[in-house]
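Grab a pencil and try these exercises before peeking at the worked solutions. Keep the structure open next to you as you go.

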Amino acid sequence: MEKTVTTGTKKNIWAFGTNQVVYAAIGAALYAVLTWAFNIWQIPGAGNVGIRPAIVIPMFFGIAFGPIVGFITGFVGNILADMLSGYGFWLWWDLGNGIIGLIPGLFSALIYKYNEQKSIILGEISVVLGSALGMGLASLSERWVSGADMNTVLVANFLPAFLTNIVWGLILLPLLMIAYAAIVSRSGRS
Amino acid sequence: MLVSWNYRYRNSPMDHIDPRARFIFSFALLFSATTTWNPNILAGIFLIALIWYSLGRLTWKDTRFGWLMISIMLFTMIVVNTIITGGGAGGVVPEGGQLVWPAGFDLFGRHFTFGLTVERLWFAVSQLMRILSISLVFVMIPYTMDSRAYGVTFSKLGLPDRLAYTMELSFRFIPTLARNFQVTLDAQRARGFELDAGKGSLVQKVKKVAPLIIPVTMNAIVSSEDIANAMDLRGFGQQKRTWLYELKFHWWDWALIAFSILMLLVTLLLAYRFEMRLFSVPAWWYGLFD
């Protein structure tokens, strides 16, 4: 069994053993349940975009368990959330959500202690980069699907999604990292 | 908090189509619809999508939340971006064109000028056909596909077993996590926690959800170790996985796959070989505004 190393030695961020299968499944289910529960905060008028506190879940699972877990949490979690809410199946937005988890996962190789200032800054950078790339890709796909121009894609799709995602991510990710650091040290996980 | 899937068995034709064939058809239609802006091809694809949707025997009551979201998206894209501001058409419709109201129009005793062109209005119709076609096919999936079928479907479509099983497992965790969420919410409320949607600024809302999201997430992570250990003890991943829910192709599934491939090939041929890829306005449409 391959274990995710949370502190100390060098990590293999691309491992995908039993632990990672379970973390990814738990992350996706958690993202779906929280998104569904918070769906009441939909922004009216902004195409396809809702305020999602749960967006921090793929970011955090990426940081804690690596890029594959982060990607699956975002990708599968968004599919499940849309299924629960009855919104359908929108592959390009699912991929965008996957990337929001994947990018922090790439940063996880540099993070050993979750409550350190350096780790939190790296986490925050990954939130901005992940949201920019993930929502950028999903929004650009609307050019392909609906034929909108770049300005419309930017204003109607990208900015509402990107800005709300980074607000939630920048505030909630450090709190989750600190809480997780306490669990790691209390349970003696390696 | 009760989580329920939107799927229920309706004994509709869609219930008898193999999920793999359904996904192949759905993606063939997606690529066909996004290949061209030709109104005739889009009208054909829209008709196919309507027939496909009718096979699900879905009622308005079943799908209203999905259509509400699509209506918001369509309103933003078509009414606001294409018709009112014109931004949504900038990527496809050339500048200039014939104005719908060249001399402006009077409303409530005032004179208005509006730069809406006949070409932009036709683009809105084309956009509606394209996006509705895609929406008709994809919005019905959660309502007409059994959640037990997803893992095995993606596995049989070539996704690695571990990834397919991750998907399968996440379906199983949803009711448990929803219950944990409700228990945590009740526990926090007993401590004076309030989660009132619509009150306060965005930052205040962020602060409000932290006492809810953090314990739910940490509980989920702690419990996941036991599950992973139990799976390891049962030899998870040691050999190729079998699935309880079996999929079987029938002749109509093969026919659907053949039709999907044919639809995509014909669209590509018309779009690239016969130059029917670009946006064009039919002559009769201009006649309506003379």
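This is a predicted model: local features need pLDDT of at least 70, side-chain atom pairs count only at pLDDT 80 or more; totals for chains, interfaces and linings use all residues.

Residues are numbered from 1 along each chain as its sequence is written, with chains lettered from A and ligands numbered from 1 in the order in which they are written.

**Exercise 1. Work out the make-up of chain A.**

Step 1: count the elements, taking helices (H or I, at least four residues) and strands (E, at least two) as DSSP runs numbered from the N terminus. Chain A has 6 helices and 0 strands.

Step 2: check burial. Of the 190 residues in chain A, 61% are buried.

**Exercise 2. Describe helix α1(A).**

Step 1: get its length. α1(A) has 20 residues and spans 28 Å from first C-alpha to last.

Step 2: compare with the expected span, 1.5 Å times one less than the number of residues. That expectation is 28 Å, and α1(A) comes close to it.

Step 3: look at its surroundings. α1(A) is mostly covered, with 20 of its 20 residues buried.

**Exercise 3. Find where chain A touches chain B.**

Step 1: call two residues in contact if their C-beta atoms, placed from the backbone, lie within 7 Å. Then 57 residues of chain A are in contact with 56 residues of chain B.

Step 2: see who contributes. α1(A) gives the largest share of chain A's side, 15 residues.

Step 3: sort that side by type, with Ala, Val, Leu, Ile, Met, Phe, Trp, Tyr, Cys and Pro as nonpolar, Asp, Glu, Lys and Arg as charged, and the others, Gly among them, as polar. You get 43 nonpolar, 12 polar and 2 charged.

**Exercise 4. Locate the largest nonpolar core.**

Step 1: join buried Ala, Val, Leu, Ile, Met, Phe, Trp, Tyr and Cys residues through C-beta atoms within 7 Å. The largest such core has 126 residues, and Val56(A) is among those with the most contacts inside it.

Step 2: Helix α1 (residues 18-37) of chain A supplies the largest share, 15 residues.

Step 3: zoom in on Val56(A). Beyond its neighbours within four places in sequence, Val56(A) contacts Trp168(A), Gly169(A), Leu172(A), Leu173(A), Leu176(A) and Ile213(B).

How values were computed. A residue is buried if 20 or more other C-beta atoms lie within 10 Å of its own, exposed if 12 or fewer, and partly exposed in between; C-beta atoms are placed from the backbone.
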